[in-house]
Amino acid sequence: MRDTQPVWLDENSGCWHVFRYADVNTLITDSTLFSSERRQRPFARPGTRTSPTGEKRERRTGRSIIAMDPPQHRQYRNLVSSAFTPRALSRLSHRITAITQELLDQARPAGQIDFVTDIAYPLPTMVIAEMLGVPTSDRPLFKQWADGLLNRQLSDAEFFRPDETAAHNPEMERLQTLFEEMSDYFEAKLEERRLQPRDDMMSALLAAEVDGEHLSIDDVISFCILLLLAGHVTTTNLLSQSIRCLDEHPDARAQLSQQPELIPGAIEEVLRYASPVWRLARTTTADVTMAGVTIPKDSFVFGWLASANRDERQFSEPARFDITRTPNRHIAFGHGIHFCIGAPLSRQEASIALPMIIQQLPDLQISHKEPLQLFQGRNLFGFQHLPVT
Ligand code: HEM
């Protein structure tokens, strides 16, 4: 596609797709021409909903930074950015080490382990849960929500361009129910913080102000949901893709066990080579011409990070997994104002966990007895399960 149709209209969904590095970069960086705001979740649009007790209530319409444009975006992003500074994260490193060790100790005696279920999923989930202030023992709930929301069975057209029939689509109703369940969960936890603030992100968000006003409860809930979901599934994919890449490239793995200082470069190469987030979405605010093709105003456009990160116009030998690649200007965490706020956290998690895994499970190998089960989400690239021996 990069060579023949770098800007492609999917006639079925009416959505556009952009594949080259330079174009994807423009798409995700130029917020004047490509808005993030209009991608509001369809199940968080105004309307009524039925509560678990059967009452009719207004649907929650909390906003999320990932779906905001300037200037509002900066104000809201600043509210949480301090949690991800190097100083704040260095305080977390002991905790990340301890959790990884705990998970490795539990997993090792078992013989065959499922790398996703036993390590790659629980590690980032426990870290973000502790940062937010929700009990790590609620992990099964988070998994149910993440799997349910991210593995949606709706076409791009149904999800991103829903018409009036969408509200009655059973899959949309299922997504709405999950979203409401998560919202109710956070509402209860936030109420506890309102009565008794603690040293966690939920309490910080409740206390935060924009233009002298506290955020609405729906906005705080929306923030918590974004941080919980974005904070774990993506890093799960990074960790499991790292194991897959090293399994397929035993030389790189041998090199890493001898030279742990190469770990950060290896993580960047996994991010490029097997980008955990496949694609990002924007909406055009005017007619825009890219690679000679004009995309009309108000079009829904996907930028394929996974393709951009393999673009031969940007990377030499892009299909080669090279842990010493320099420079490596991948855009797996996006670029510009929406650049992933959790990038330093997931880099830190991976750079602590990977050497421990390589050292403590030196013979770890992916079991190919069964075909590997990919994560079914449309935007993410990882595994549902990864059996290793
Ligand atoms: C934004 C990828 C981990 C929270 C993004 C974006 C990408 C991304 C591509 C840009 C979205 C856009 O431009 O529309 C990843 C990958 C991760 C990861 C590949 C792991 C390997 C995390 C973690 C957290 C997090 C650990 C939180 C703890 C966020 C948030 C945003 C974001 C809140 C929105 C930022 C904004 O709109 O200003 N992420 N992410 N991510 N990510 Fe991550």
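What is the mean pLDDT of the protein chain, and what percentage of its residues reach 70 or more? The mean pLDDT (the predictor's confidence in each residue, from 0 to 100) is 89, and 93% of the residues reach 70 or more. This is a predicted model, in which local features need pLDDT of at least 70 and side-chain atom pairs count only at pLDDT 80 or more, while totals for chains, interfaces and linings use all residues. Residues are numbered from 1 along each chain as its sequence is written. The model scores are ipTM 0.99 and pTM 0.93. Where pLDDT is low, the predicted coordinates should not be read in detail.

**Overall form**

The protein chain holds 15 helices and 15 strands, where helices (H or I, at least four residues) and strands (E, at least two) are DSSP runs, numbered from the N terminus. Its radius of gyration, taken over C-alpha atoms, is 21 Å, which agrees with the value near 21 Å that a compact globule of 389 residues would have, the globule rule being 2.2 Å times the number of residues to the power 0.38. Along the principal axes, the C-alpha atoms of the protein chain fill a box of roughly 60 × 55 × 40 Å.

Five strands make up an open sheet of mixed pairing, in the order 1-2-12-9-3, where two strands pair if DSSP finds at least two bridges between them. Strand 1 (7–10) and strand 3 (34–35) are the edge strands, each pairing on one side only. Strand 1 runs antiparallel to strand 2 and is joined to strand 2 by four bridges, with Val 7 having Val 18 of strand 2 as its bridge partner. These two strands form a hairpin with four residues between them, and Gly 14 in the turn has a positive phi of about 80°. Strand 3 pairs with strand 9 (residues 279–284) in the antiparallel sense over two bridges, and Phe 34 has Thr 284 in strand 9 as its bridge partner.

Helix 1 (residues 21–29) lies across strand 1, strand 2 (15–18), strand 3, strand 9 and strand 12 (300–304), and runs at about 125° to strand 12. Contact here requires C-beta atoms, placed from the backbone, within 7 Å, and the axes are lines fitted to C-alpha atoms, for helices over the stretch in contact, with angles from 0 to 180 degrees between N-to-C directions.

**The ligand shell**

The ligand is surrounded by 25 residues, of which the closest are Gly 231, Gly 334, His 338, Cys 340 and Gly 342; a residue is near a molecule if its C-beta atom, placed from the backbone, lies within 6 Å of it. Helix 11 (217–248) and helix 15 (343–360) each supply at least two residues of this shell, and the largest share, seven residues, comes from helix 11. By class, the shell has 16 nonpolar, eight polar and one charged residue, with Ala, Val, Leu, Ile, Met, Phe, Trp, Tyr, Cys and Pro counted as nonpolar, Asp, Glu, Lys and Arg as charged, and the others, Gly among them, as polar.

**Backbone details in loops**

| Peptide bond | Omega |
|---|---|
| Pro 70 to Pro 71 | near 0° |
| Thr 326 to Pro 327 | about -10° |

Pro 71 lies in the loop between strand 5 (56–58) and helix 2 (72–81), whereas Pro 327 lies in the loop between helix 14 (305–308) and helix 15. Ala 291, although not a glycine, has a positive phi of about 45°, and is found in the loop between strand 10 (288–290) and strand 11 (293–295).

Note on methods. Two residues are in contact if their C-beta atoms, placed from the backbone, lie within 7 Å.
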